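Me: Can you walk me through some labels on this model? I'd like to see the cut-offs behind them.

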Amino acid sequence: MARKRIEIIYIGLFVLLTSLGMVSCTQDTYDDQEHVTEQMIDVRFSVDEISANRYQITTNSNKYVISNYWDLGDGTGFSTGGNSFELFLPDAGEYEIKHKVIVAGGILSSEASSMVNVETIRSNFWKFNQRR
């Protein structure tokens with residue numbers, strides 16, 4: 001008797017949790033009741049040089065973007081970041097900066113990238129010693 005009662009409780013919990021899962025998993029919609037698509041977001045960004053080896057990175061993100069993912073071209077891959085941040089690149093070379101976003105419907109496959117070319121910076125000390 002007790003075993004049958006436990007089986008009924010487990011079956012009831014299974015049905016309840018399954019039905020809640022089906023109801024709660026719907027794609028997010030917005031003001032116009034359309035599904036979020038790639039055309040509705042903007043993954044582009046700007047790279048502005050602040051000073052030697054320092055850059056200001058700013059996205060064109062809109063209301064659909066939940067979070068930003070950045071690959072700073074240093075070999076570490078994508079990691080989370082903000083809409084705007086300062087980037088310091090200490091070594092000379094070319095860096096491909098990439099940006100992806102997560103929107104209400106999930107990660108979109110579109111991606112934007114920009115090349116940053118960092119020149120070798122000579123300090124005043126180095127210039128002074130070269131003149132001797």
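This is a predicted model: local features need pLDDT of at least 70, side-chain atom pairs count only at pLDDT 80 or more; totals for chains, interfaces and linings use all residues.

Me: Why is the pair of Phe-45 and Trp-70 called edge-to-face?
Reply: Rings of Phe, Tyr and Trp (its six-membered ring) pair if their centres lie within 6.5 Å; planes under 30 degrees apart count as stacked, over 60 as edge-to-face and the rest as tilted. Here the centres are 5.2 Å apart and the planes at 85°, so edge-to-face it is.

Me: What makes Trp-70 count as buried?
Reply: Buried means under 20% relative accessible area, exposed over 50%, partly exposed in between (1.4 Å probe, protein chains only). Trp-70 has 2% relative accessibility, so it counts as buried. Phe-45, at 13%, is therefore buried too.

Me: What kind of pair do Trp-70 and Phe-85 form?
Reply: An edge-to-face one, with 5.1 Å centre to centre and 75° between the planes. Phe-45, Trp-70 and Phe-85 form one aromatic cluster.

Me: How do you know that the charged end of Lys-100 sits over the ring of Phe-78?
Reply: The rule asks for NZ of Lys or CZ of Arg within 6 Å of the ring centre and within 35 degrees of the ring normal. The charged end of Lys-100 is 4.5 Å from the centre of the Phe-78 ring and sits over it.

Key. Residues are numbered from 1 along each chain as its sequence is written. Side-chain values use heavy atoms; hydrogens and water are left out.
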